[in-house]
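Colleague: I am new to reading protein models. Could you walk me through this one and tell me what the terms rest on?

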Amino acid sequence: MARVVVLPSPLLGPLPYQPLAEALRRRGHAASVAECPEPLSAAGVVEGWAAVAAGADALLAHSNAGYLAGSVAAAAEVGRVVYVDAALPPVAGTTRLAPPELIATLTELADPSGLLPPWTRWWSEEEARRVLPGVWFDRVDAVAPRVPLAYLASEHRPPSGWVGQRAGYLAFGTTYAAELELARDAGWPVAQLAGHHCWHLVRPDEVAAAVEPWLSR
C-alpha cells in the first residue's frame with residue numbers, strides 16, 4: 001500500500017480528481033487530493049502542496065500541476081512523481097505556467113481585473129462536455145476556480161536536476177507528445193491510454209491500474 005497525494009490542475013480544482021482517489025483507495029492505497037492554496041501563486045501552491053505531501057510515497061500530478069510537481073516532490077522529500085497527461089517544465093531554467101500561445105489566447109478572455117473565466121468556459125460547451133461527460137460538466141463548471149491570468153504568465157524555476165527524480169509518465173492520447181518524449185529521454189517508464197485529457201474522471205479504475213506499478217518503485 002502506498003500513500004498517494006493527487007495534485008490537481010489549479011485550473012480545475014480538486015473535485016474532478018475524487019473518482020481517481022477513490023479508485024486508488026479501492027486498490028488498497030491511502031489516496032487524497034490536495035486543495036489549491038489561495039491566493040494562487042506558484043510559490044504558494046508549492047508550499048501548500050509540500051505541506052500536505054510530506055511523508056507521502058508518491059505524487060500524481062495532472063495537467064497544469066505538472067509544472068510544479070518536481071518542486072513539490074523536492075520540498076516534501078517525496079520519492080516518486082507520476083505525471084498524468086501533464087505539462088512538464090523544461091529540463092533546465094524557468095518556465096511559465098502555460099504555453100505562450102495559450103496565454104495569448106487567454107489574454108482576450110480575462111476580465112478587467114485579470115481574472116479568467118472558469119476552465120470550462122475557455123472552450124465551446126460542446127468541446128468541454130466531450131471531456132466532462134454526463135453530470136460532470138455542470139458539477140465542475142459550478143466549482144472551477146477563476147484563475148488570474150497573471151498566475152499562468154508567471155515564471156517558476158524547478159529544482160536543478162528535477163528530471164532525475166524517480167518518475168513515470170502516463171499519457172491520455174497524443175496531446176502531450178512532446179512531454180512523453182521528454183519522459184522517455186529522461187529514462188522514465190511511460191505508458192499511453194487511448195483516452196482524452198480527463199480520462200481519470202471517465203475511467204478512474206483504468207487509470208489507477210495503469211499508474212499502480214509506479215507507486216512503490
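Modeller: Let us begin with an open sheet of six strands, in the order β2-β1-β3-β4-β7-β8, with parallel pairing. This is a predicted model, in which local features need pLDDT of at least 70 and side-chain atom pairs count only at pLDDT 80 or more, while totals for chains, interfaces and linings use all residues. Residues are numbered from 1 along each chain as its sequence is written, and side-chain values use heavy atoms, leaving out hydrogens and water.

Colleague: What makes β2 and β8 (190-193) the edge strands?

Modeller: Each pairs on one side only. Two strands pair if DSSP finds at least two bridges between them. From one strand to the next, the twist averages 20 degrees.

Colleague: How do you know that β1 (residues 3-7) and β2 pair?

Modeller: They have four bridges, in the parallel sense, and the definition asks for at least two, so they count as paired. For Val4, the bridge partner in β2 is Ala31.

Colleague: Why is Ala30 called partly exposed?

Modeller: Its relative accessible area is 35%. Ala30 is found in strand β2 (residues 30-33); strands are DSSP runs of E with at least two residues, and helices are runs of H or I with at least four, numbered from the N terminus.

Colleague: Which residues does Ala30 contact, leaving aside neighbours within four places in sequence?

Modeller: They are Met1, Ala2, Arg3 and Val4, where contact means heavy atoms within 4.5 Å.

Colleague: What puts the buried residues of helix α6 (residues 136-143) on the same side?

Modeller: The buried residues there are Trp136, Phe137, Val140 and Asp141. They cover an arc of only 125 degrees around the axis, which puts them on the same side of α6; the arc is that of the directions from the helix axis to the C-beta atoms. These buried residues pack against α1 (18-26), α5 (125-131) and α9 (199-202).

Colleague: Which residues have the most contacts inside the largest nonpolar core?

Modeller: Leu7, Leu60 and Tyr83 do, in a core of 83 residues. Such a core is a set of buried Ala, Val, Leu, Ile, Met, Phe, Trp, Tyr and Cys residues joined through side-chain atoms within 4.5 Å. Beyond its neighbours within four places in sequence, Tyr83 has contacts including Trp162, Tyr169 and Trp188.

How values were computed. Buried < 20%, exposed > 50% of the residue type's maximum accessible area, 1.4 Å probe, protein only. Axes fitted to C-alpha atoms, helices over the stretch in contact; angles between N-to-C directions.
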